[in-house]
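Open the model in your viewer and keep the selection tool at hand. Each stop below gives a selection and what to look for there.

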Amino acid sequence: MNVSGPLVTSTNLVLSTNRTAIGDSVTLTARLDPATATGTVTFYNGSTAIGTANVNAGVASMNTTFASSGQMMLQASFAGNASWEASASGKVSLFVSGLTPDTVVMQVAPSSLVIGDFATLTANVSPAAATGSVVFYDGTSGFGNCTLIGGTCNFVSYFNAAGSESLTAVYS
């Protein structure tokens with residue numbers, strides 16, 4: 001028996017996340033079956049090509065960012081060649097939010113406390129139209145959160161141990 005011609009392939013697209021923000025990196029991974037397929041995969045956002053990657057052990061991947069917000073419909077297309085038939089993945093949805101904060105500034109009032117005193121922690125996120133939440137950390141331990149309104153939120157906490165605290169505010 002003699003088999004000739006390109007062999008059938010299938011392509012599956014997997015994203016590192018299904019939600020991101022403008023400027024944040026997303027990894028697009030195309031997995032080919034059979035894994036012995038060789039060639040290139042072109043990644044598309046709608047009908048626009050956004051990059052090409054070589055297939056290695058049945059996988060082609062690339063990192064990309066998006067400059068505009070909205071619902072993106074991504075697809076991977078294996079080009080095929082004399083040995084392998086072309087194939088394309090189904091479309092995969094990615095939501096890109098438009099409000100990426102430039103800065104997060106935290107203030108603590110009062111700045112000097114006695115054990116058992118309450119303090120107000122304020123997070124200001126720029127741009128002021130940012131929405132979402134902020135988690136407050138002491139070192140690597142989260143101890144409170146608040147929801148942004150107009151780019152600002154407050155959390156009241158008390159401190160029951162003497163010493164220096166390493167406080168941070170993380171926008172999510």
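Predicted model: local features only at pLDDT ≥ 70, side-chain atom pairs only at ≥ 80, totals over all residues.

**Stop 1: the largest nonpolar core**

Select Leu28, Val41, Phe43, Leu74 and Leu94. The largest nonpolar core has 21 residues, and these five touch the most other members. Strand 1 (10-15), strand 3 (26-33), strand 4 (40-45), strand 6 (59-64), strand 7 (70-78) and strand 9 (92-97) each supply at least two of its residues.

Centre on Leu74. Which residues does Leu74 touch, not counting those up to four places away in sequence? They are Leu13, Leu15, Leu28, Tyr44, Asn45, Ile50, Phe66, Gly90, Lys91, Val92 and Leu94.

**Stop 2: another core**

Move to Ala130, Phe136, Leu148 and Phe159. They are among the 14 residues of another core, which lies apart from the largest one. Keep Phe159 in mind for the last stop.

**Stop 3: Ser89**

Go to the loop between strand 8 (87-88) and strand 9, where Ser89 lies. Is Ser89 buried or exposed? Its relative accessibility is 4%, under the 20% cut-off, so Ser89 counts as buried. Show its surroundings: leaving aside neighbours within four places in sequence, Ser89 is in contact with Thr11, Asn12, Leu13, Gln75 and Ala76.

**Stop 4: the loop between strand 3 and strand 4**

Select Pro34 and Ala37. Pro34 is placed in the loop between strand 3 and strand 4, and Ala37 lies in that loop too. Look at the backbone at Pro34. The peptide bond from Asp33 to Pro34 is cis, with omega near 5 degrees.

Then turn to Ala37. Ala37 has a relative accessible area of 1%, so it is buried. Its contacts, leaving aside neighbours within four places in sequence, are Thr9, Leu32, Val55, Gly58, Phe78 and Trp84. Draw a distance from Ala37 to Asn18. The two are 19 residues apart in sequence and 27 Å apart in space, C-alpha to C-alpha.

**Stop 5: Ala57**

Step to the loop between strand 5 (48-54) and strand 6, which holds Ala57. Check its backbone angles. Ala57 has a positive phi of about 55 degrees, although it is not a glycine. Because its relative accessibility is 59%, Ala57 counts as exposed.

**Stop 6**

Select Pro110, in the loop between strand 10 (103-109) and strand 11 (118-126). The peptide bond from Ala109 to Pro110 is cis, with omega near -5 degrees.

**Stop 7: the disulfide**

Show the cysteine side chains. The structure holds one disulfide. Cys146 is joined to Cys153, S to S 2.0 Å. The link is right-handed, with 40 degrees about the S-S bond. Are its two ends buried or exposed? Cys146 counts as buried because its relative accessibility is 8%. Cys153 counts as buried too, because its value is 4%.

**Stop 8: the largest pocket**

Finish at the largest pocket, with a volume of about 220 Å³. Select its lining in two steps. Val108, Ser111, Ser112, Leu113, Val114 and Ile115 are among the lining residues. Phe159, Ala161, Ala162, Gly163, Glu165 and Leu167 also line the pocket. Colour by class to see eight nonpolar, three polar and one charged residues.

Technical notes. Residues numbered from 1 in each chain as written. Heavy atoms only, no water. 1 Å grid on protein atoms, 1.4 Å probe; cavity = no way out; pocket = protein on both sides within 12 Å on 5 of 7 lines; lining within 4 Å. Points joined across faces, edges and corners; volume = space filled by probe spheres on them. Nonpolar A, V, L, I, M, F, W, Y, C, P; charged D, E, K, R; others polar. Disulfide = S-S within 2.5 Å. Buried < 20%, exposed > 50% of the residue type's maximum accessible area, 1.4 Å probe, protein only. Core = buried A, V, L, I, M, F, W, Y, C linked by side-chain atoms within 4.5 Å. Helix = DSSP H or I, 4+ residues; strand = E, 2+ residues; numbered from the N terminus. Contact = heavy atoms within 4.5 Å.
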